[in-house]
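Subject: Structure for your files

Hello,

Here is the structure I said I would pass on. My notes on the ligand site and the sheets follow below.

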Amino acid sequence: MNESDVVYRFEQGLERISRAYRAAFSESVTEQSLRVVNARFTGPQGELTGLLKLIPELPKEKRRHFGQLSNQLKDEILEAFRQRLESLARTALEAEMAGPHLDVTLPGRFHTPGRLHPLIRTKHELLDVFISFGFDVVEGPEVELHENNFDKLGFPPDHPATDMQDSFFIASSPADGPRKLLLRTHTSNVQIREMSRRRPPLAVVSPGMVYRRDDDVTHSPMFMQIEGFLVDRHVTFAQLKGVLTRAVQRLFGSDIPVRFRPSYFPFVEPGGEVDIGCWFCRGWDKRSTECRVCKGTSWLEILGCGMIHPFVFEQVGYDPEKYTGFAFGLGVDRVAMLRYGISDIRLLFENDPRFLTQF
Ligand code: PHE
């Protein structure tokens, strides 16, 4: 094609497009067809775009002139497109307004709001009580070193809890050296961690999940504990009894019976366990023998406790001649089961909405 042919084609093209686009736009009655028509002129494969590609073939002195004309035309087309789009939208809105009204009698779509898991609620309730007594809340890791979970708490190396049959050990990486890692079997690891980095006086509670090789109606391989410990000069067992009795009665009411039984844990001396009257069957005034939760005994064990052993104080660098303290470890699941009358602990971890929406 010689240069004058190109000029001719260009002029023809511009003229054809400027004659055609308005009519084509007003014939489009839907947004979609309007967009198709617009693309036919200004899209990447459009007619006008095709002309613009011819510009380098025009004689030098005409390029500027035709370039300007084409751009002007493009602006015009895009402006007309925008206006037509607007008018189509307006027409559609008017048609909708003129049509039948919105039917407000149709039922709405509901969604059920979420709620806290009964275990989490119980945890919050328990923490609230201890916070009101002035305890700090801290958390510890669930994957723990053997020494923090056992050794520094005075477990002898052959204690059954340190056995593979009873605890979940984790293969440590070669970089860890011979250190043994496991899923903590109780929250008492936090005693070691927290006491090692603070000096008395201190009062701490620490909630968290713990893991044991156990699985039946009242034992789950994963469950929740709250550890508590208080260290100062002149702390006595009477204070331990006072704090725990008050805490339990705040949760279950002041008429709930609480009993302390002697028991053994390597990290306390003396040690004990606390039972509370089965809130489920309230058997302590009726002597029911059929309750599934307390198995007819009318008592439920909810925590272990005691005066912190001098051995533990030595491990964390406290002088056992100067300080005394108490510690307790409370099973949150047990408390939740009692508070909400749940007879199988496994229900707490199955995530069945038929169960969870009852709380
Ligand atoms: N760690 C003990 C357990 O899990 C509970 C406990 C904590 C006992 C603190 C005494 C003092 O059984």
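Predicted model: local features only at pLDDT ≥ 70, side-chain atom pairs only at ≥ 80, totals over all residues.

The shell around the ligand is made up of six nonpolar, six polar and two charged residues.

Residues are numbered from 1 along each chain as its sequence is written, and side-chain values use heavy atoms, with hydrogens and water left out.

Ligand site

Of the 14 residues around the ligand, the nearest are His186, Ser188, Arg212, Gln225 and Gly329; a residue is near if one of its heavy atoms lies within 4 Å of the molecule. Three of these names come up again in polar contacts (pairs of N or O atoms within 3.5 Å):

- Ser188: an N or O atom of the side chain is 2.9 Å from a nitrogen atom of the ligand.
- Arg212: a polar side-chain atom is 2.8 Å from an oxygen atom of the ligand.
- Gln225: a polar side-chain atom is 2.9 Å from an oxygen atom of the ligand.

The protein buries 91% of the 320 Å² that the ligand exposes when taken alone (Shrake-Rupley method, 1.4 Å probe).

Which strands supply the shell? Strands S6 (222-232), S9 (299-308) and S10 (324-331) each supply at least two of its residues, and S10 gives the most, with three. Strands here are DSSP runs of E, at least two residues long, numbered from the N terminus.

Sheets

Seven strands form an open sheet with mixed pairing, in the order S1-S5-S6-S10-S9-S8-S7. S1 (136-137) and S7 (258-263) are the edge strands; each has a single partner, so one side of each has no neighbour in the sheet. Strands pair if DSSP finds at least two bridges between them. S7 runs antiparallel to S8 (residues 268-277), joined by six bridges, and Ser263 has Gly271 in S8 as its bridge partner.

A second open sheet holds three strands in the order S2-S4-S3, with antiparallel pairing. Its edges are S2 (143-145) and S3 (169-170), each with a single partner strand, so one side of each is again without a neighbour in the sheet. Two bridges join S3 to S4 (residues 181-183), where Leu182 is the bridge partner of Phe169.

Regards

Methods:
Helix = DSSP H or I, 4+ residues; strand = E, 2+ residues; numbered from the N terminus. Polar contact = N/O pair within 3.5 Å; in protein donor to acceptor, adjacent residues only side chain to side chain. Nonpolar A, V, L, I, M, F, W, Y, C, P; charged D, E, K, R; others polar.
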